[in-house]
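Work through the exercises below with the sequence and the model open side by side. Each task is followed by a solution in steps.

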Amino acid sequence: MSMFDDRQKAFESKYQLDQETQFKINSKAVRAFGLWAAGQLGFTGAEAEAYAQQVMDSDFDEPGIADFIRKVEKDLTAKGVSVTTHHLENEFYNLRDKAAGEMAVKKA
């Protein structure tokens with residue numbers, strides 16, 4: 001194998017690892033967001049875990065965050081909790097940043 005082939009393989013491996021890491025960070029953040037929303041809805045214990053799983057499942061409807069943000073916004077509004085899309089997005093991004101920080105600590 002040439003030096004170029006070795007280098008290309010290394011870049012491909014790094015890219016794959018980076019994608020897996022981002023997927024794990026996002027999954028952890030969506031779960032945390034679901035648990036946060038469950039708390040806003042008054043759910044605890046197994047009920048909160050089940051709701052968080054519903055939020056995670058809704059994340060596969062379309063690319064990006066709009067799908068699960070829309071679900072949580074709809075559920076909160078139905079319970080009479082006043083919330084904006086912007087507030088929900090900020091909450092998710094804060095949780096994603098926290099998840100990324102936790103993943104970085106695990107790597108170190």
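**Exercise 1. Which residues of helix 3 are buried?**

Step 1. Asp67, Phe68, Ile69, Val72 and Leu76 are the buried residues in helix 3. Buried stands for under 20% relative accessible area, exposed for over 50%, and partly exposed for values in between, with a 1.4 Å probe and protein chains only. Helices (H or I, at least four residues) and strands (E, at least two) are DSSP runs numbered from the N terminus.

Step 2. Two notes on the source apply throughout. The model is predicted, so local features need pLDDT of at least 70 and side-chain atom pairs count only at pLDDT 80 or more, while totals for chains, interfaces and linings use all residues. Residues are numbered from 1 along each chain as its sequence is written, and side-chain values use heavy atoms, with hydrogens and water left out.

Step 3. Helix 3 has 13 residues and spans 18 Å from first to last C-alpha, close to the expected 18 Å. The expected span is 1.5 Å times one less than the number of residues. Just after helix 3 comes glycine 80, with a positive phi of about 85°.

**Exercise 2. Describe the overall fold and dimensions of the protein chain.**

Step 1. The secondary structure amounts to 4 helices and 0 strands, in the order α-α-α-α from the N terminus.

Step 2. The radius of gyration is 18 Å, whereas a compact globule of 108 residues would have a value near 13 Å. Here the radius is taken over C-alpha atoms, and the globule rule is 2.2 Å times the number of residues to the power 0.38. Along the principal axes, the C-alpha atoms fill a box of roughly 65 × 30 × 25 Å.

Step 3. Of the 108 residues, 28% count as buried. Among contacts with a separation of 6 or more, 55% join residues 24 or more positions apart; a contact means heavy atoms within 4.5 Å.

**Exercise 3. How many residues does helix 1 have, and which of them are buried?**

Step 1. Helix 1 covers residues 3-40, which is 38 residues. From first to last C-alpha the helix reaches 55 Å, close to the 56 Å expected.

Step 2. The buried residues of helix 1 are Thr21, Ile25, Ala29, Val30, Phe33, Gly34, Trp36, Ala37 and Ala38.

Step 3. Take alanine 37 in helix 1 as an example. Alanine 37 counts as buried because its relative accessible area is 0%. Leaving out residues up to four places away in sequence, alanine 37 touches Tyr51, Val72 and Leu76.

Step 4. Helix 1 is followed by glycine 42, which has a positive phi near 90°.

**Exercise 4. How many aromatic pairs does the structure hold?**

Step 1. There are 6 aromatic pairs. Rings of Phe, Tyr and Trp (its six-membered ring) pair if their centres lie within 6.5 Å; planes under 30 degrees apart are stacked, those over 60 edge-to-face, and the rest tilted.

Step 2. One of the pairs joins phenylalanine 33 and phenylalanine 68, edge-to-face, with 5.7 Å centre to centre and 65° between the planes. Phenylalanine 33 is in helix 1 and phenylalanine 68 in helix 3 (residues 66-78), so this pair ties together parts 35 residues apart in sequence.

Step 3. Phenylalanine 33 counts as buried at 0% relative accessibility, and phenylalanine 68 counts as buried at 0% as well.

Step 4. Phe33, Trp36, Phe68, Phe92 and Tyr93 form one aromatic cluster.

**Exercise 5. How many salt bridges are there, and which parts do they link?**

Step 1. The count is 4, a salt bridge being a side-chain nitrogen of Lys or Arg within 4 Å of a carboxyl oxygen of Asp or Glu.

Step 2. Lysine 28 and glutamate 102 form one of them, at 2.9 Å from N to O. This pair links lysine 28 in helix 1 to glutamate 102 in helix 4 (residues 85-107), 74 residues apart. Lysine 28 is partly exposed at 31% relative accessibility, and glutamate 102 is partly exposed at 30%.

Step 3. Glutamate 49 and arginine 31 form another, at 2.7 Å from N to O. Glutamate 49 lies in helix 2 (residues 45-58) and arginine 31 in helix 1, so the pair ties together parts 18 residues apart in sequence.

Step 4. Aspartate 75 forms a salt bridge with lysine 71, with the closest N and O atoms 2.7 Å apart. Both residues lie in helix 3, 4 residues apart, about one turn of the helix.
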